[in-house]
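Here is a quick tour of a single chain, going from the overall fold down to a few side chains. Have the viewer open while you read.

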Amino acid sequence: MRLIAHGTKNLTWNRRLLGLLLEELHVDDLFFDLVGPRGLPTKRYPQAVAIAVALRHSWRPDDLFGIARKVGIRLRERDLKRAAPESQSKAAKTSKRESAEKAAQPRSTGVSTRRKR
């Protein structure tokens, strides 16, 4: 691990690193609906990471509030209640799509989530 730590000292954001992170976070179609299907410019990588992490914590409102607060986003319970029907229907659609397309690859954001050989 020390060799890896040393080798990553000068690492900067790049598509490969973002792709690796998104792969580890297991992003789904809802992620691509939120950030868009095309390549992301590097300046939007923090947004993509924040969205991917929030999606991982979106099943419990208290957990989502905690993540939002850590990222610096103020959420109010009434905001979530207002957005809940839209979010729940998108999540249901995503779950149905995931089951139907288990073997399908995620849409491209210009960031590969597959390792090149």
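## The overall picture

The chain has six helices and zero strands. Reading along the sequence therefore gives the pattern α-α-α-α-α-α. Keep in mind that this is a predicted model.

Of the 117 residues in the chain, 24% are buried. The chain exposes about 9,400 Å², and carbon and sulfur atoms supply 54% of that area. As for how the chain folds back on itself, take the contacts between residues at least 6 apart in sequence: 65% of these join residues at least 24 apart.

Helix α4 covers residues 45–56.

The buried residues in α4 are Y45, A48, V49, I51, A52 and L55. Looking down the axis of α4, you find these buried residues within an arc of 165°, so they line one face of the helix. What do the buried residues of α4 pack against? Their partners are α2 (15–25) and α3 (29–35).

## The nonpolar core

The largest nonpolar core has 15 residues. Inside this core, the residues with the most contacts are L18, L22, V27, F31, L40 and A52. Helices α2, α3 and α4 each supply at least two residues of the core, and the largest share, six residues, comes from α4. As a general point, nonpolar side chains tend to be buried together in soluble globular proteins.

L18 and P46 are 28 residues apart in sequence, while their C-alpha atoms are 9.4 Å apart in space.

## Two aromatic pairs

How many aromatic pairs does a search of the whole structure find? The search finds two. One of them is W13 with Y45, an edge-to-face pair with 5.9 Å centre to centre and 80° between the planes. W13 is partly exposed, with a relative accessible area of 38%, whereas Y45 has 1% relative accessibility and counts as buried.

F31 and F32 make an aromatic pair too, again edge-to-face, with 5.2 Å centre to centre and 85° between the planes. Are F31 and F32 buried or exposed? Both are buried. F31 also turns up among the residues with the most contacts inside the largest nonpolar core.

## Further along: helix α5

Helix α5 runs over residues 61–71. Its buried residues are L64, F65, G66, I67 and A68.

Methods
Residues numbered from 1 in each chain as written. Predicted model: local features only at pLDDT ≥ 70, side-chain atom pairs only at ≥ 80, totals over all residues. Heavy atoms only, no water. Helix = DSSP H or I, 4+ residues; strand = E, 2+ residues; numbered from the N terminus. Expected span 1.5 Å × (residues − 1). Buried < 20%, exposed > 50% of the residue type's maximum accessible area, 1.4 Å probe, protein only. Arc of directions from axis to C-beta. Contact = heavy atoms within 4.5 Å. Core = buried A, V, L, I, M, F, W, Y, C linked by side-chain atoms within 4.5 Å. Areas by Shrake-Rupley, 256 points an atom, 1.4 Å probe, with all protein chains shown as cover. Phe/Tyr/Trp six-rings, centres within 6.5 Å; stacked < 30°, edge-to-face > 60°.
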